Amino acid sequence: MTDTTSMKHQTPLTSGDFTAADEPFALFEAWLSEAIKSEPNDPNAMALATVDADGLPDVRMVLMKGFDKDGFVFYSHIASQKGRELAANPKAALLFHWKSLRRQVRIRGNVTPVSEAEADAYFATRPKQAQIGAWASKQSQELESRFAFEQAIAKVAAKHIIGEVPRPPGWSGWRITPSRIEFWHDRPFRLHDRIEFRRDAAGQKWSKTRMYP
């Protein structure tokens, strides 16, 4: 799993030659490496789109916490709205938009939960206050006031003044295994460059198609 905090630029692909890439993950890593240098905030931020029980699309911003050939990983509460929607319909779409580079990457695929060991390992790296917040927050449920939330945080903090904070049982992560990855780069006069990689199943060879803008 590639940690976004220690990303290294493996293949020097520029905006002029990215369409020559024959595999999407190295290209994504190269673009993310450039975004880490140029984006003012959260280059690993991505829009996550799911579908609710009525078929209504739902989208929100989350942070990608790692990726490799198996997919793109993020963490949250299982009982959150996104968690419930993914449990009912384990498919999702992602969008990275790097405005400073005039680039975006669209990803679609199936979703699976990460392992308990993966969730434990990542949770242990979070700042202690964020770990406490994960226990205190009943994510996506109604909150009567900010003060009530602060009280809940104080109660959890009092329990864990000393020692490590364990991962809450309702807090975990998901991996989106892509079947489609599209790379888009801005060009003058809306004459953009777009390429899409496709595969029918994980582990299969990617096909590549150049798309009209």
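Figure 1. Strand S1 (residues 45-51) is joined to S5 by three bridges, and the two strands run antiparallel; here helices (H or I, at least four residues) and strands (E, at least two) are DSSP runs numbered from the N terminus, and two strands count as paired if DSSP finds at least two bridges between them. The model is a predicted one, in which local features need a pLDDT of at least 70 and side-chain atom pairs count only at pLDDT 80 or more, while totals for chains, interfaces and linings use all residues. Residues are numbered from 1 along each chain as its sequence is written, and side-chain values use heavy atoms, with hydrogens and water left out. Because five of its seven residues are buried, S1 is largely enclosed by the rest of the structure; buried means under 20% relative accessible area, exposed means over 50%, and partly exposed lies in between (1.4 Å probe, protein chains only).

Figure 2. Strand S5 (residues 91-98) has a covered face made of Ala 92, Leu 94, Phe 96 and Trp 98, and an uncovered face made of Lys 91, Ala 93, Leu 95 and His 97. In a regular strand the side chains alternate between the two faces of the sheet. Eight bridges join S5 to strand S6 (residues 103-113), and these strands run antiparallel; Ala 92 stands opposite Gly 109 in S6. Four residues lie between the strands in the hairpin of S5 and S6, where Arg 102 takes a positive phi near 55°.

**Figure 3. The surroundings of Asn 110.** Asn 110 is found in strand S6 and is partly exposed, with a relative accessible area of 43%. Leaving aside residues up to four places away in sequence, Asn 110 touches Pro 90, Lys 91, Arg 175, Ile 176 and Thr 177, where a contact means heavy atoms within 4.5 Å. The C-alpha atoms of Asn 110 and Gly 71 are separated by 9.5 Å, although the two residues are 39 residues apart along the chain.

**Figure 4. The two sides of helix H2.** In helix H2 (residues 81-88), the buried residues are Lys 82, Gly 83, Glu 85 and Leu 86. These residues cover an arc of only 165° around the axis, which puts them on the same side of H2; the arc is that of the directions from the helix axis to the C-beta atoms. On the face turned away from this buried side, Ala 87 and Ala 88 are exposed. The cover over the buried residues of H2 includes S1, S2, S4, S5, S6 and S7.

**Figure 5. Helix H5 and its buried face.** Helix H5 (residues 146-159) has 14 residues and reaches 21 Å from its first C-alpha to its last, close to the 20 Å expected at 1.5 Å a residue, the expected span being 1.5 Å times one less than the number of residues. Ala 148, Phe 149, Ile 153 and Val 156 are buried in H5. Seen down the axis of H5, its buried residues fall within an arc of 140°, so they line one face of the helix. An α-helix has 3.6 residues a turn, so residues three or four places apart point the same way. Phe 147, Lys 155 and Ala 158, on the other side of H5, are exposed.

**Figure 6. The crossing of helices H4 and H5.** The buried residues of H5 pack against helix H4 (128-136), while those of H4 itself are Gln 131, Ile 132, Gly 133, Ala 134 and Ala 136. The axes of H4 and H5 come within 9 Å and cross at roughly 115°; axes are lines fitted to C-alpha atoms, for helices over the stretch in contact, and angles run from 0 to 180 degrees between N-to-C directions. H4 passes H5 in a right-handed crossing, a crossing being left-handed if the near helix is turned anticlockwise from the far one by less than a right angle, and right-handed if clockwise. Where the helices meet, Gln 129, Ile 132, Trp 135 and Ala 136 in H4 touch Phe 149, Ala 152, Ile 153, Val 156 and Ala 157 in H5.
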